[in-house]
Amino acid sequence: MKTIIAACSQNLSGSRASIQTALRTLLTAPWPSQRDIRSWLQLLSVLQWVLSFLLLGTVSLLLLIYLVFTSFWPISALYLAWIIYDWDTPEKGGRRLPCLRRWPVWRHFRDYFPVKLVKTHDLSPSHNYIIGSHPHGILCVGAFCNFITGSTGFGEMFPGIRPFLTTLAGNFRLPIFREYLMSGGLCPVTRRAIGYLLSKNGTGNAVAIVIGGAAESLSCRPGVTTLILKKRKGFVRMALQHGAYLVPSFSFGENDLFRQVVFEEGSWMRSIQQRFQKMMGFAPCVFYGRGLTSVRSRGFLPYARPITTVVGEPVMVPKIEDPSCEMVDMYHEMYIRSLLKLFNENKTKYGLSETDELHIL
């Protein structure tokens, strides 16, 4: 019995010593610094944004289809009824939630790159505006951060102006994802939706359009600035019909966030991309960024590269209900000149050299 008691005492002593050693090791281990915590929060904020845009709509759709075959089928039925009832809301200004625009996670999202907004001229709340956003890049990070979140101070820089950002109309057909998009101030890039904001929503509206669209994303790569703009004149016609001023904006650094495999014009892979883009509205780009665990690994997260979005001088546009082709061409040329001036005056300030040029196709 004494032998058993002695053995138990030794085990207890050994356990206490092990616990004490573990505690000492834990206390002497370096704790994460505030800088490390900020980096983690920034990485997680970007991760949730990328996953939301890439997966939220598809996963929500598959989940609702799955629920149809379970005892929870009323959830799918009720949501389907809601979408039918709410079908036209995206075309009528959406349903923006100011609290979502002020969500603290967007500050971490901004600081990850970081993203900065630069104002060059005032925008009067007594007018409506179409802001041309260039370039498209892969995921339009600059346009989203500046025009959808309040993290870069758009509301403070342009008091009285309500920014909206347009995206593919098909995104508003996906369950749950449509609510997410509308809550931030996104609307379909359709004539009806843009016309509503410019004519039936009062003044002080600024509708940002990524004019190059999916076709421009196929040419996105670091060190090359190519815009699809020469034949894109629909936004000018809409500006004339509603008397909305045209405002150029350029996001320096947007094309540096990912590495893309760019296929040459005429190649069979480029032809497949272009056909897919015409059918589906978006282009299947072959790109990569950094991984989740390391900057040196490859993954789907954007690289941390600074983005500076410069909002240029408004081009004053008269209201003409049925503008002629000559009138559209004239204001289209004025817009291009204003955009080139904006680019050339700011390129050396935000990472480009004096010899870099803006190629417009």
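Author: Helices (H or I, at least four residues) and strands (E, at least two) are DSSP runs, numbered from the N terminus. This is a predicted model, where local features need pLDDT of at least 70, side-chain atom pairs count only at pLDDT 80 or more, and totals for chains, interfaces and linings use all residues. Residues are numbered from 1 along each chain as its sequence is written, and side-chain values use heavy atoms, without hydrogens and water.

Reader: What makes α8 "mostly covered"?

Author: Seven of the eight residues in α8 are buried, where buried means under 20% relative accessible area, exposed over 50%, and partly exposed in between (1.4 Å probe, protein chains only). The buried ones are Phe-177, Arg-178, Tyr-180, Leu-181, Met-182, Ser-183 and Gly-184.

Reader: Which elements do those buried residues of α8 pack against?

Author: Their partners are the helices α2 (34-68), α3, α4 and α5 (105-112), together with the strands β3 and β4 (186-188). Packing here rests on contact, which means heavy atoms within 4.5 Å.

Reader: Let's visit β3, then. Why is Thr-167 called buried?

Author: Its relative accessible area is 17%, which is under the 20% limit, so Thr-167 counts as buried. You will find Thr-167 in strand β3, which spans residues 162-167.

Reader: What does Thr-167 touch?

Author: Leaving aside residues up to four places away in sequence, Thr-167 touches Phe-172, Leu-181, Leu-186, Cys-187, Pro-188 and Val-189. One of these, Leu-181, is a buried residue of α8.

Reader: How do you know that Glu-179 and Arg-178 form a salt bridge?

Author: A salt bridge is a side-chain nitrogen of Lys or Arg within 4 Å of a carboxyl oxygen of Asp or Glu. For Glu-179 and Arg-178 the N to O distance is 2.8 Å, so the pair passes the test.

Reader: What about accessibility: are those two partners buried or partly exposed?

Author: One of each! Arg-178 has a relative accessible area of 0%, so Arg-178 is buried. Glu-179, at 22%, lies between 20% and 50% and is therefore partly exposed.

Reader: Which residues belong to the network that includes this pair?

Author: Salt bridges with shared partners link Asp-86, Arg-95, Arg-178 and Glu-179 into one network.

Reader: How many salt bridges does the structure hold?

Author: The structure holds eight. Asp-88 and Arg-192 make one of them through their side chains, at 3.5 Å from N to O.

Reader: Why do you say that the pair of Asp-88 and Arg-192 ties parts together?

Author: Asp-88 sits in the loop between α3 (73-85) and α4, while Arg-192 belongs to helix α9 (residues 191-199), so the bridge joins parts that are 104 residues apart in sequence.

Reader: And why are Asp-88 and Arg-192 called partly exposed?

Author: Asp-88 has 32% relative accessibility and Arg-192 has 44%. Both values fall between 20% and 50%, so both residues are partly exposed.

Reader: Let me try one. What makes Asp-111 and Arg-110 a salt bridge?

Author: Their closest N and O atoms are 2.9 Å apart, and because that is within 4 Å, the pair qualifies. Asp-111 itself has 34% relative accessibility, so Asp-111 counts as partly exposed.
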